[in-house]
Amino acid sequence: MGFDLRQVVAGILTITMFVMLGQMIKRDHFDSLQEKLPGEPEDVQFDSTDVFEKDSLVQLSKRSRGPWMEGSRELRPCWSRPTLDEIEQARGYVTFSLTNGPEYHVSQLADAVVVARYLTATLVLPNIRGSKPGDERNFEDIYDVERFMKSLDGVVKVAKELPDEISIRDLAAVKVPNRVTEDHIEENIEPIFKSKGNIRLATYFPTVNMRKTAQKSSADSVACLGMFGTLELQPEVNEVVDSMIERLRTLSRKSDGQFIAVDLRVDIIENKNCRGSGSTAAKSCYNAQEIALFLRKVGFDTDTTIYLTQSRWDNSLSVLKDIFPKTYTKENIMPEEKKGKFLESEDSELEKVIDFYICSKSDVFVPAISGLFYANVAGKRIASGKPQILVPADIQGTAAMVTNYLSPYVAKKNHLAYSCFC
């Protein structure tokens, strides 16, 4: 009887990984880290407390093999829709750009809406700038313009472009902190707006912490609308995302069409080296081997389908594919006729958008990398009733309850999204 060499190698790797478990750094979830985001230096804070299943937030599914969780009910917006007083006349313009990927777009847009609303200014439809010099797109290349404008109707006046008589050079540049407050607008932005008449915002991120706060503000409803009720993909991009998700579900017949999305990008992991940070031995990311071990230890079967945000295959991912053969990147599952535009154009902006929305819609999301991508995907999943977010951690023993590794954002219901949805 012949032997499948691939299965033999996979078996050896599995045994080796289990032996290595005892040597892994002991820690719980993403801890306090130092990380730089585009534009500004800032402190990145993560909750490091153990989490457990509470209030029947999620339950293990009885339908299929493995520790799949039942989806919870989709939450409803619990903010009151703000409206403009008819006597208020929009004065001046607020412009801005969406930069650095969809996880930043969500926050940048919410801040711009809050500022424009407070100033009773007209918000100008943003352009989209990629990470490479000269990489610029129109808003409608990625997002649905009509949906965006309709969502803000009666809340903030929106213009598709600046009037011809206003030069971009005449705009006053203003830095705005993410999750901007009314006090900050009053003290730091409104005086410049009154003096110059038109401003251009640039959002910076003092923290990627997306935990909700006890402090209430009249701007909360506007922020919730801006973050969760405005951005939708334009039809062609949405069609590509849907077709890739459908392909992943087709490949997941043994698990009732369920699949896992893992935010694992080799370039980021190699830059951070996935090592402990300081005396706390905090980890900011996990490599392919650690993710494979984590998923096996919490009970996922080797037939589980896994989607990786890594765009092209890298040899360092082979250890994951040896344990979970149904591991795919975009190049494996994207429709062939779409690759020229969405994958082979040497433009990562569309690829980031695809990753963000697939991770938001998968049955389980595993962030192998800490940061704003994890935080804002978590918010989108919470809002749509998909709170199955598992944060990797060292696991003692031969097995572990999957619900012990729910994201603190979910287990403690302390994500900003829980201020907007109920």
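**Exercise 1.** How many of the twelve residues of α13 are buried?

*Solution.* The model is predicted: local features need pLDDT of at least 70, side-chain atom pairs count only at pLDDT 80 or more, and totals for chains, interfaces and linings use all residues. Residues are numbered from 1 along each chain as its sequence is written, and side-chain values use heavy atoms, with hydrogens and water left out.

Step 1. Buried means under 20% relative accessible area (1.4 Å probe, protein chains only). Eleven of the twelve residues of α13 are buried, so the helix is largely enclosed by the rest of the structure.

Step 2. Among these buried residues are F373, Y374, N376 and R381.

Step 3. Helices are DSSP runs (H or I, at least four residues), as are strands (E, at least two). Helix α13 (residues 372-383) lies across β12 and β15, at about 165 degrees to β15; angles run from 0 to 180 degrees between N-to-C directions.

**Exercise 2.** In which order do the four strands of the open sheet stand?

*Solution.* Step 1. The order is β14-β13-β12-β15, with parallel pairing; two strands pair if DSSP finds at least two bridges between them.

Step 2. β14 (327-328) and β15 (364-367) each have a single partner strand, so one side of each lacks a neighbour in the sheet.

Step 3. Strand β12 (residues 259-263) pairs with β15 over four bridges, and V262 stands opposite V366 of β15.

**Exercise 3.** At roughly what angle do the axes of α2 and α5 cross?

*Solution.* The axes of α2 (residues 102-119) and α5 (residues 220-228) cross at roughly 145 degrees and come within 8 Å. Contact (heavy atoms within 4.5 Å) involves residues including V106 and L109 of α2 and V222 and M227 of α5.

Key:
Buried means under 20% relative accessible area, exposed over 50%, partly exposed in between (1.4 Å probe, protein chains only).
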